[in-house]
Amino acid sequence: MSVVEASVLAPAELERALEEHRRELTGYCYRMLASPFEAEDAVQETMLRAWRSQAGFEGRASLRSWLYRIATNVCLDMLGSKERRVRPMDLGPAREPVFENLNVPAEVTWVQPIPDPADAAVERDTIRLAFVAALQHLPPRQRAVLILCEVLRWQATEVAELLDTSVASVNSALQRARAGLSASGVSTTATPSDELDDEQRALLERYVDAFQRYDIEALTSLIREDATQSMPPFDLWLSGRDDILTWWFGPGIGCQGSRVIPAGTANGSPAYGQYKPSESGSGFDPWALQVVEVSDDGIAEFTFFLDTDTLFPLFGLPPRLDS
């Protein structure tokens, strides 16, 4: 449904029309807010506002454009009272892999991962954790302009109408947003990434096996020399395979004996639920959602999200493993 008089739709028809756009609106709001939970709240508020104001929709624009206008306003309202979400890399340089550097900073809000939709191709480069984190450095309106123009491919005239501004203002905001992302070393071009090939899938299978065996030689062969690791909510992040393995076989030795199970994909990358051996001596307790960036020549990045209470249910992972 492209152009529709929302005010003349029956309630059931309007509900179906709104639901048709829920998934794409969630992706848009997630890029704006960097949290799947806040994105869900924003989309729900968008739907509520659409229901309440449907009589004011006169069909001059498509229902999709009207919903994006509402969603943008909802996100801008939410961002007005919040600190931007970050990754550990945003807070400072990599540090030595020693326990003393492990710290949970106060008043820091982290970028959270989001499951990829199972029934649609994802423009992975524009949902990557690094891209979403870089977006958070932009002022909210610049962020909206860049997402609409660069990711969703809206014309400047369409974005100007949505934001109640001029085309010149949109182009100016887009130029500044591109410069801001470029300074972060992140591409502003929305080009869909390829699916994992057979070789990369085989590499990931070897990684899971090596991690569960805690085989340092096998892990060394799989992890790139310039790989990075972060562990939100800790602000420590590690740069380089040597430091990563020094951590794993030093302060992080408690992960030895873990079980790792597939959790689909998060932000365009393979995700796994990691369960550490329980201190009770029976079964395995949840420890981290691992998001693994893989390239042609090995694993390039690990993000261990430790907020298992909220993230494991989101990714359909069991609360613990019995064996």
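Biologist: Gly185 sits in the loop between helix 8 (167–183) and helix 9 (198–213). Is Gly185 buried or exposed?

Modeller: This is a predicted model, where local features need pLDDT of at least 70, side-chain atom pairs count only at pLDDT 80 or more, and totals for chains, interfaces and linings use all residues. Residues are numbered from 1 along each chain as its sequence is written, and side-chain values use heavy atoms, with hydrogens and water left out. Buried means under 20% relative accessible area, exposed over 50%, and partly exposed in between (1.4 Å probe, protein chains only). Since Gly185 has 66% relative accessibility, it counts as exposed.

Biologist: How far apart are the C-alpha atoms of Gly185 and Ala130?

Modeller: Along the chain, 55 residues separate Gly185 and Ala130.

Biologist: What percentage of the residues count as buried?

Modeller: The chain has 323 residues. Using the under-20% cut-off, the buried share is 50%.

Biologist: And what percentage of contacts join residues at least 24 apart?

Modeller: A contact means heavy atoms within 4.5 Å. Take the contacts between residues at least 6 apart in sequence. Of these, the share joining residues at least 24 apart is 66%.

Biologist: At what angle do helix 3 and helix 4 cross?

Modeller: Axes are lines fitted to C-alpha atoms, for helices over the stretch in contact, and angles run from 0 to 180 degrees between N-to-C directions. The axes of helix 3 (residues 36–52) and helix 4 (residues 63–79) come within 9 Å, and they cross at roughly 125°.

Biologist: Which word describes helix 3 relative to helix 4?

Modeller: Angles under 35 degrees count as roughly parallel, over 145 as roughly antiparallel, 65 to 115 as roughly perpendicular and the rest as oblique. With their crossing at roughly 125°, helix 3 is therefore, relative to helix 4, oblique.

Biologist: Is the crossing of helix 6 and helix 7 left-handed or right-handed?

Modeller: Helix 6 (residues 140–151) and helix 7 (residues 156–163) pack at about 140°, with axes 10 Å apart. A crossing is left-handed if the near helix is turned anticlockwise from the far one by less than a right angle, and right-handed if clockwise. This one is right-handed.

Biologist: Which residues of helix 7 does helix 6 meet?

Modeller: On the helix 6 side, the contact uses Arg141, Val145, Leu148 and Cys149. Their partners in helix 7 are Val159, Leu162 and Leu163.

Biologist: What is the phi of Asn267?

Modeller: Asn267 lies in the loop between strand 3 (259–266) and strand 4 (269–277), and at 1% relative accessibility it counts as buried. Not a glycine either, Asn267 has a positive phi of about 55°.

Biologist: Is the peptide bond from Pro232 to Pro233 cis or trans?

Modeller: Most peptide bonds are trans. Pro233 is in the loop between strand 1 (223–230) and strand 2 (237–239). With omega near 20°, the bond from Pro232 to Pro233 is cis.

Definitions and conventions:
Helices (H or I, at least four residues) and strands (E, at least two) are DSSP runs, numbered from the N terminus.
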